[in-house]
Amino acid sequence: MTKHFPLPSILLVGCGKMGGAMLEGWLGAGLAPSVIIDRHMADLPAPHRVVRAIQDVPADFAPDVIIVAVKPQKANPVLAELAQRFGQATLLSVMAGRTIASLHATCVQANAQANPVIIRSMPNTPCALGAGMSGLYAPPNATTEQKAHCDALLKAVGETVWVEEEGLIDSVAAISGSGPAYVFLMAELLEKAGVEQGLPAEVARKLARGTLYGAGCMLHTLPTDAAELRRNVTSPGGTTAEALKIMMAPQAWPATTSAAIAAAVHRARELAS
């Protein structure tokens, strides 16, 4: 994958599972001197710094990008503080649901002179291993440099795609943002089924995880359509075909997967309100 060095300096607000996954990847990818706001992290290697609150950010620190990675429901007080200190900043939001309009309005309410450029993204936790998949949307007022900074950060921990409409970020969240959880569920279920069929737990675990890893590598490496790869494994009348009769029944995976993704998109839009 292509990496862009050096990465821009950042102020990371929120270092939970998602923020921590991205930070782990950035620290190994040449992050410019940055500040991370976290109440629980002990320290970071120089030249980076950890502070406990926005008011503790050094007065002379001017980050290229501020990443807002807090829970959407807890964002307003954070945005208000950022608007008072960094009113003209580039904000990269990795929060599900919260629209650019709502984030901007919160900033302006706290500081009438604030006019941040807000870019939205939905990364996923494999960023910690450099294998993330992130979708981004930039409003028309975002500059080429601002978009390049955000793209460089997320390309340093995986791959990126840009969407042309902000509403599509909700779809990105449902597919790739939440997607690792769906894959982990598949690993759980395969392991459980293997044990039910008599395999030792450790053998079932290794088979399930190794199979998902290998299939994922094929999907990532080969240009072949996923449906064709599936057909290549499925001999007529064989064991795979018998299993797929159940999985691909109209009310099984085809229906439940579509319903699950629609539910995730709906929840993202609920968070926006």
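Hi everyone, let me start with a pair of helices: α5 and α6 are roughly parallel to each other, where angles under 35 degrees count as roughly parallel, over 145 as roughly antiparallel, 65 to 115 as roughly perpendicular, and the rest as oblique. The axes of α5 (residues 168-177) and α6 (residues 179-196) come within 5 Å and cross at roughly 30 degrees. On the α5 side the contact is made by Ala174, Ile175, Ser176 and Gly177, and on the α6 side by Gly179, Pro180 and Tyr182. By class these residues are four nonpolar, three polar and no charged.

Before going on, a word on the model: it is predicted, so local features need pLDDT of at least 70 and side-chain atom pairs count only at pLDDT 80 or more, while totals for chains, interfaces and linings use all residues. Residues are numbered from 1 along each chain as its sequence is written, and side-chain values use heavy atoms, with hydrogens and water left out.

Helices (H or I, at least four residues) and strands (E, at least two) are DSSP runs, numbered from the N terminus. Axes are lines fitted to C-alpha atoms, for helices over the stretch in contact, and angles run from 0 to 180 degrees between N-to-C directions. Contact means heavy atoms within 4.5 Å. For the classes, Ala, Val, Leu, Ile, Met, Phe, Trp, Tyr, Cys and Pro count as nonpolar, Asp, Glu, Lys and Arg as charged, and the others, Gly among them, as polar.

Now the overall picture. The protein has ten helices and eight strands, and its C-alpha atoms fill a box of roughly 70 × 40 × 30 Å along the principal axes. Of its 273 residues, 42% count as buried, meaning under 20% relative accessible area, with exposed over 50% and partly exposed in between (1.4 Å probe, protein chains only). Taking contacts between residues at least 6 apart in sequence, 64% join residues at least 24 apart.

Back to α5, which has another partner. Helix α10 (residues 253-272) packs with α5 at an angle of about 130 degrees, the axes being 8 Å apart. That makes α5 oblique to α10. The crossing is right-handed; a crossing is left-handed if the near helix is turned anticlockwise from the far one by less than a right angle, and right-handed if clockwise. Which residues of α5 and α10 make the contact? From α5 they are Asp170, Ser171, Ala174 and Ile175, and from α10 they are Ile261, Ala264, Val265, Ala268 and Arg269. The tally here is six nonpolar, one polar and two charged residues.

Asn76, Leu79, Ala80, Ala83 and Gln84 of α2 meet Leu103, Thr106, Cys107 and Ala110 of α3. Six of the residues in this contact are nonpolar, three polar and none charged.

While we're at α3, have a look at Ser102, which sits in that helix. Ser102 counts as buried because its relative accessibility is 18%. Its side chain makes a polar contact with the side chain of Arg98 at 3.2 Å. A polar contact is a pair of N or O atoms within 3.5 Å; within protein, one must be able to donate a hydrogen and the other to accept it, and residues adjacent in sequence count only if both atoms are side-chain atoms.

Another serine, Ser93, is found in strand β5 (residues 90-93). Is Ser93 buried or exposed? At 1% relative accessibility, Ser93 is buried. Leaving aside neighbours within four places in sequence, Ser93 contacts Val68, Leu103, Ile119, Arg120 and Ser121.

The side chains of Asp151 and Trp162 make a polar contact at 2.9 Å. Not counting residues up to four places away, Asp151 touches Leu136, Thr160 and Trp162.

My last stop is the loop between β2 (35-37) and β3 (49-51), where Pro47 lies. A cis peptide bond joins Ala46 and Pro47, with omega about 10 degrees. His48 is in that loop as well, and with a relative accessible area of 9% it is buried. The His48 side chain reaches the backbone nitrogen of Ser34 at 3.2 Å.
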